[in-house]
Amino acid sequence: VGIEIPVDGYDAEPWNGVTDYCLYDATGQVHAVVEAKRCSRDPREADEQLRHYVTEIAKRQPYAPFGFMSNGFTTHFWEVGQTNPRMVAQFFTPDDLTRLLFLRQNAKPLESTPINPSIVDRPYQHEAIRRIAETFAANKRRALLVMATGTGKTRTTMAIIDLFLRSQQAQNVLFLADRDALVDQTLTDGFKAHLPHEPRDRIYTHTIDKTKRLFVATEQTLSICYTKFSPGFFDLIIFDEAHRSIFKRFTEVIEYFDARMIGLTATPANFIDRDTFRIFQCENNTPTFLYDYKQAVKDGFLVDFNLYQAQTGFQRKGIKGIDLTEEE
């Protein structure tokens with residue numbers, strides 16, 4: 001960490017060329033610039049200063065540094081010229097910044113990267129993935145998929161993760177569910193079956209192996225140990241059964257991580273509460289992609305059901321004392 005570093009190579013007056021802090025990588029390049037404001041001021045007041053410093057430093061090294069603006073209470077992260085500033089829970093680690101720089105320098109457009117047909121082969125699954133890609137290409141950070149049970153949410157999810165990995169838009173991916181069975185199923189039927197060459201692991205409170213790339217965990221576990229990760233550790237987080245009430249208790253964990261996030265649910269859109277739409281930034285309560293039960297039946301991917309109503313003998317005949325044994 002360097003304090004009050006001149007960006008023009010000489011001692012200049014503040015604003016004109018002296019940063020508050022510079023964060024350096026292992027080679028001596030400026031990884032990030034930090035603009036600090038008094039606790040009583042809005043850190044976003046420093047955006048023009050930060051833009052100037054990042055632009056000047058970029059002229060003197062191979063890449064433009066990242067930017068942070070903070071007043072000690074709230075902190076904003078900014079990739080100048082790439083995305084808009086956004087609030088983050090804490091500063092990122094050096095490893096986070098190294099990974100984010102690699103992704104920035106090597107990323108390919110999600111929307112033009114081919115979808116792996118060996119994972120998904122149905123047209124609506126391809127459409128779901130393209131909708132996700134278009135959403136993130138528009139610099140949005142969250143999306144919500146609503147797909148009926150039996151339409152292949154697991155395969156669609158694996159294809160999305162595969163797309164992120166091959167397009168160099170993610171390295172660390174987390175899949176969250178609220179039940180052990182769903183977590184174990186994702187680890188085996190999902191990651192092992194469709195992404196067999198990617199190192200994977202389940203997160204437990206007592207053991208966390210950060211050398212992996214694919215992670216699974218229950219929401220209950222992560223709510224206990226999420227601070228063992230930095231806010232910038234994950235690039236993509238996927239929430240299964242995203243409509244469940246655990247989000248009322250899980251919002252703090254969601255807001256802690258800076259990753260792009262995708263919610264999955266089979267619940268019909270009109271039964272999803274507004275909090276879920278709000279969390280995944282879906283305007284007008286409209287999910288990013290919707291493929292409901294009726295449409296799946298119409299397209300021939302699901303078979304409709306017939307309701308069979310039956311009555312017990314008691315319901316048909318009633319209960320008469322003469323028909324009962326002494327014990328009954």
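Start by selecting Ala137, which lies in helix H3 of this predicted model. Ala137 has a relative accessible area of 41%, so this residue is partly exposed.

Next, select residues 123–137 as H3 and residues 153–166 as H4. The two helices pack at an angle of about 45°, and their axes are 10 Å apart. H3 and H4 are therefore oblique to each other. Their crossing is right-handed.

Show side chains where these helices meet. On the H3 side, pick Gln125, Ala128, Ile129, Arg130, Ile132 and Phe136. On the H4 side, pick Thr156, Ala159, Ile160, Leu163 and Phe164. Sorted by type, the residues of this contact comprise eight nonpolar, two polar and one charged.

Move on to the largest nonpolar core, which has 39 residues. Select Leu145, Ile161, Phe191, Leu236 and Ile262, the residues with the most contacts inside that core. H4 supplies the largest share of this core, seven residues.

Centre the view on Leu145. Which residues is Leu145 in contact with, leaving aside neighbours within four places in sequence? They are Ala128, Ile132, Thr156, Ile160, Ile262, Gly263, Leu264, Thr265 and Phe289. Ala128 and Ile132 belong to the H3 side of the helix contact, and Thr156 and Ile160 to the H4 side.

For the last stop, select Ala217, Phe234, Met261 and Phe277, which are included in a second, separate core of 28 residues.

Definitions and conventions
Residues are numbered from 1 along each chain as its sequence is written. This is a predicted model: local features need pLDDT of at least 70, side-chain atom pairs count only at pLDDT 80 or more; totals for chains, interfaces and linings use all residues. Side-chain values use heavy atoms; hydrogens and water are left out. Axes are lines fitted to C-alpha atoms, for helices over the stretch in contact, and angles run from 0 to 180 degrees between N-to-C directions. Helices (H or I, at least four residues) and strands (E, at least two) are DSSP runs, numbered from the N terminus. Angles under 35 degrees count as roughly parallel, over 145 as roughly antiparallel, 65 to 115 as roughly perpendicular and the rest as oblique. A crossing is left-handed if the near helix is turned anticlockwise from the far one by less than a right angle, and right-handed if clockwise. Contact means heavy atoms within 4.5 Å. Ala, Val, Leu, Ile, Met, Phe, Trp, Tyr, Cys and Pro count as nonpolar, Asp, Glu, Lys and Arg as charged, and the others, Gly among them, as polar. A nonpolar core is a set of buried Ala, Val, Leu, Ile, Met, Phe, Trp, Tyr and Cys residues joined through side-chain atoms within 4.5 Å. Buried means under 20% relative accessible area, exposed over 50%, partly exposed in between (1.4 Å probe, protein chains only).
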